[in-house]
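Subject: Structure handed over, with notes

Hello,

Here is the structure I said I would pass on to you. Please open it beside this email and find each residue as it comes up.

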Amino acid sequence: RGDWLMRIRNLTRREFMATTAGGTAGLATIGSFPSVSFAKTMPAKPNIIVILADDLGYGELSCQGFKKDVPTPNIDSIAADGIRCTQGYVTCPVCSPTRAGLLTGRYQQKFGHEHNFGEGRTECGLPVTEVTLADRLKRAGYTTGIVGKWHQGSAPQFVPSKRGFDEFFGFLGGAQSYLAKAGSDTNPLLRNDEPVKEREYLTDAFTREATAFIKTHENEPFLLYIAYNAVHLPLQAPQKYLKRFDSISDQKRKTYAAMTAAMDDGVGAVLSQLKNSKIDDKTLIF
């Protein structure tokens, strides 16, 4: 811990941020740090935001330099201002175990969470013996929130409110429709523990909820876990994003590009809200 803190203090970037390609074998991490002297400028309890992208290919961000057909300017801006860790990897090639490792800080095979589990398997979930990042930060005086995909169990003992999170907007299962009919009887959209109807494109809805959380809690230390289900199947995007990629003839690639653009817009909105709330210099973003 002392060595890690010393490394942080020696960095001179404006923020520390890493956006992750979650649910895949490769993990692209990007970061920037608070200015000049971390120890002097950061509060005792900095805000913490973790952004997880679902099934995003390692080379799909334009800042990675492999592909240029899908610009990701907002995520690229983080790389340009900070740190891009090119040899970081998720701990599993599928969704649920990857998230279990991220939330606990432990290799998930150490507690038997090595595979995805099917919808309706209520006996399955992140073991209640495991302590989550939200558990720890809540005890440290943080307000904790999650927006997006959970996929750590749907039984009462596994849901976010029992794993350290004060607020939740999202779904408990492994996949969800992005369009106006998002939510079902078996995998509903939830606000905390209550089903809700959502008419907005789901990626945009998650961005809306994330920025609202930041604005609501701008005057207190918070943890916000933004777990986009983009760009996980199903391939769905509204026309406002599809029309940006009329030059792409392959319809699957075009829709994937539109979904990526929607998520990048969402990251931009989160960064803008931090600046508008004047807490961008008090926030660590991974």
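This is a predicted model: local features need pLDDT of at least 70, side-chain atom pairs count only at pLDDT 80 or more; totals for chains, interfaces and linings use all residues.

Cysteines

A disulfide is a covalent bond between the sulfur atoms of two cysteines. A search of the whole structure turned up 0 disulfides. For C95, the nearest cysteine sulfur belongs to C92 and is 9.2 Å away. A disulfide would need the two sulfur atoms to lie within 2.5 Å, so C95 is in no disulfide. C95 counts as buried, with a relative accessibility of 5%. C124 also counts as buried, at 17% relative accessibility. The cut-off for buried is under 20% relative accessible area.

Salt bridges

There are 14 salt bridges in the structure. In one of them, the side chains of D54 and K149 meet, at 2.6 Å from N to O.

Another salt bridge joins the side chains of D204 and K240, with 2.9 Å from N to O. Here D204 belongs to helix α6 (residues 202-216) and K240 to helix α7 (residues 239-242), so the pair ties together parts 36 residues apart in sequence. D204 counts as buried, at 10% relative accessibility. K240, on the other hand, is partly exposed, with a relative accessible area of 46%.

E209 and R208 also meet through their side chains in a salt bridge, at 2.8 Å from N to O. E209 is buried, with a relative accessible area of 12%, while R208 is partly exposed, at 31%. These two residues belong to a network of salt bridges that links R191, E198, E200, R208 and E209.

Helix α8

Helix α8 covers residues 251-276, which is 26 residues. From its first C-alpha to its last it reaches 37 Å, close to the 38 Å expected at 1.5 Å a residue. How many of the residues of α8 are buried? The count is 19 of the 26, so the helix is largely enclosed by the rest of the structure.

Both ends of the helix are worth a look. At the start of α8, a side-chain oxygen of D250 comes to within 3.1 Å of the backbone nitrogen of K252. Just after α8, K278 has a positive phi of about 60°.

Aromatic rings

A pair of aromatic rings is described by the distance of the centres and the angle of the planes. The structure has 8 aromatic pairs. One of them is F171 with F206, which is stacked: the centres are 6.4 Å apart and there are 25° between the planes. F171 lies in strand β6 (residues 167-171) and F206 in helix α6, so this pair ties together parts 35 residues apart in sequence. F171 is buried, with a relative accessible area of 0%, and F206 counts as buried at 0% relative accessibility.

Y201 and Y241 form an aromatic pair that is tilted, with 5.9 Å from centre to centre and 45° between the planes. Y201 is in the loop between β8 (194-195) and α6, and Y241 is in helix α7, so the pair ties together parts 40 residues apart in sequence. Both Y201 and Y241 are buried.

A last pair of positions

R139 is found in helix α5 (residues 133-139). Is R139 buried or exposed? R139 counts as exposed, because its relative accessibility is 62% and the cut-off for exposed is over 50%. The C-alpha atoms of R139 and G164 are separated by 8.9 Å, and the two residues are 25 residues apart along the chain.

Regards

Conventions: Residues are numbered from 1 along each chain as its sequence is written. Side-chain values use heavy atoms; hydrogens and water are left out. Buried means under 20% relative accessible area, exposed over 50%, partly exposed in between (1.4 Å probe, protein chains only). A salt bridge is a side-chain nitrogen of Lys or Arg within 4 Å of a carboxyl oxygen of Asp or Glu. Helices (H or I, at least four residues) and strands (E, at least two) are DSSP runs, numbered from the N terminus. The expected span of a helix is 1.5 Å times one less than its number of residues. A polar contact is a pair of N or O atoms within 3.5 Å; within protein, one must be able to donate a hydrogen and the other to accept it, and residues adjacent in sequence count only if both atoms are side-chain atoms. Rings of Phe, Tyr and Trp (its six-membered ring) pair if their centres lie within 6.5 Å; planes under 30 degrees apart count as stacked, over 60 as edge-to-face and the rest as tilted.
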